[in-house]
Amino acid sequence: MVLYKLQDFEPNYRDTFEGHDINGLGVYTQGTDEKIGTVSDVLVDEEGHFRYLVVDLGFWIFGKKVLLPIGRARIDYNVDRVYTIGLTREQAEDLPEFNERQTLDYDYEERVRGVYRRPTDYTQPVEASLPLEATAPVDATYQQPVTPTYNRDSYNYEHEPSLYGLHEQDHQTLRLYEERLIASKRRQKTGEVTIGKHVETDTARVAVPVERERVVIERVTPADAGTAVSGREADFREGEVARVEIHEETPEIRKEAFLREEVRVRKVVDQDTVETQETVRREELDVNSGNLPIEER
C-alpha cells in the first residue's frame, strides 16, 4: 500500500474542499481543548482515499511528527481545528516518529496502528464504528476486547473503519475521491562500458641509404709510352706497397616512443518521453431524492 502526500497526489485539492486547507490547522485533544500540535501534511493512498494526518507535536513533544489515522480525527472548519479522538500523551510518546525520507511500509504502519488499537476511554462515533460481525472477539473470562490480528498480504484499510472510516459528522468535506496516475522516475543501471588499452606488435620497415667504398685499379698507357728513359729515372724497387683504407656505412636502428593520440571519455544524457496508460477509477455522487426538490451547490 503506497501513500502519497496530498499535495503531490492532487495539487488543486483545495478546489474540492470548498477552499479549505487542512494543512496548518491546529490539533487539539477532544474534550480538554488542549492544543497538542499542527497538521503539517495529509497522506492518501493510491486511490486517493485519506488515510493519515501528519501532526507536528510541537506543543506536546517538540520536534516530533506522528501519524494520526483519519478515523481518529474530527475536522471543524468553523474554528479551524482538528480534534483527536482518544489520543493520549502516553500514546503520542509511544508512536513511531514520522520521517519523510523513511519508507512507510506495512511494518511501520502496524507500529502506528498498534498504538491506536489500545483501549481508551473515548466514545466511538456511530458512523465509524465497526460492524457487528467485524468487532474484535471478547475474552469471556475478563470481558476485555482481544486485539485482532491481521495478515500483511491480505490487510486492507477497510478492515479497521475505527481508524480509517470517514463519516458525515467529522469528515463532510472528504467524501469523493478519484484515482490519478502518479508519474515518477526510477534510475537503474542498464550496462557498463569498460575502457582500457593493450599493446599490439607489428613489424616496421625503414629504408636507410648507406655508402660502401671499393677500390678501382685502372691501368692507363701514358702518352710517352715507349720512350727510353735514363738509368737514373728507371728506379726499380722491390716490395713497394700502396695501402688504401676501405670504409662502408652500416645502418643503426633504435626505437623511440611518441604520443599518438589522446582518448577522452564522457557521458551524454539523451532525453526521451515515454507514454504509459493505466485504468483509473473515480467516485461520482449518486443522488436519489424521489420527487423531492433538491439543490446542489
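**Exercise 1. Decide whether isoleucine 195 is buried or exposed, then find the patch that holds this residue.**

Keep in mind that this is a predicted model.

Step 1: Isoleucine 195 has a relative accessible area of 52%. The cut-off for exposed is over 50%, so isoleucine 195 counts as exposed.

Step 2: Now place the residue in the chain. Isoleucine 195 sits in the segment after H5.

Step 3: Val193, Ile195, Val263 and Val265 make up a nonpolar patch, and together they have about 440 Å² of accessible area.

**Exercise 2. Describe the overall make-up of the protein chain.**

Step 1: Take the secondary structure, which comes to 5 helices and 7 strands.

Step 2: Follow the sequence along, and the pattern reads β-α-α-β-β-β-β-β-β-α-α-α.

Step 3: Turn to burial. Of the 297 residues in the protein chain, 28% are buried.

Step 4: Check the contacts between residues at least 6 apart in sequence: 64% of them join residues at least 24 apart.

Step 5: Finish with the surface. The protein chain has an accessible surface of about 24,400 Å², and 46% of that belongs to carbon and sulfur atoms.

**Exercise 3. Work out which residues threonine 29 touches, and whether threonine 29 is buried or exposed.**

Step 1: Find threonine 29 in strand E2, which covers residues 26-29.

Step 2: Its relative accessibility is 6%. Buried means under 20%, so threonine 29 is buried.

Step 3: Leave out residues up to four places away in sequence, and threonine 29 touches Glu34, Ile36, Trp60, Tyr83, Thr84 and Leu87.

**Exercise 4. List the buried residues of helix H4 and say what they pack against.**

Step 1: Helix H4 spans residues 106-116, and its buried residues are Tyr106, Tyr108, Glu109, Val112, Arg113, Val115 and Tyr116.

**Exercise 5. Track down some salt bridges.**

Step 1: Start with the idea behind them: side chains of opposite charge can pair when their charged atoms come close. The total here is 18 salt bridges.

Step 2: Go to helix H3, where glutamate 93 and arginine 89 lie 4 residues apart, about one turn of the helix. Their side chains meet in a salt bridge at 3.8 Å, N to O. Glutamate 93 is partly exposed at 45% relative accessibility, and arginine 89 is partly exposed at 34%.

Step 3: Lysine 189 and glutamate 192 are both exposed.

Step 4: Now pair glutamate 261 with arginine 260, where the salt bridge is 3.6 Å, N to O. Glutamate 261 is exposed at 51% relative accessibility, and arginine 260 is exposed with a relative accessible area of 73%.

Step 5: Salt bridges can also share partners, and in this way Glu109, Glu110, Arg113, Arg117 and Glu160 are joined into one network.

**Exercise 6. Find which residues gather with Glu245 in a patch of negative charge.**

Step 1: Glutamate 245 lies in the segment after H5.

Step 2: Its relative accessible area is 64%, so glutamate 245 is exposed.

Step 3: On the surface, Glu245 gathers with Glu211, Glu213 and Glu249 in that negative patch.

Conventions: Residues numbered from 1 in each chain as written. Predicted model: local features only at pLDDT ≥ 70, side-chain atom pairs only at ≥ 80, totals over all residues. Heavy atoms only, no water. Buried < 20%, exposed > 50% of the residue type's maximum accessible area, 1.4 Å probe, protein only. Helix = DSSP H or I, 4+ residues; strand = E, 2+ residues; numbered from the N terminus. Contact = heavy atoms within 4.5 Å. Patch = residues over 30% accessible without salt bridge, like charges linked within 9 Å, V, L, I, M, F, W, Y side chains within 5 Å. Areas by Shrake-Rupley, 256 points an atom, 1.4 Å probe, with all protein chains shown as cover. Salt bridge = Lys/Arg side-chain N within 4 Å of Asp/Glu carboxyl O. Lys, Arg positive; Asp, Glu negative; His and termini not counted. Charge placed at Lys NZ, Arg CZ, Asp CG, Glu CD.
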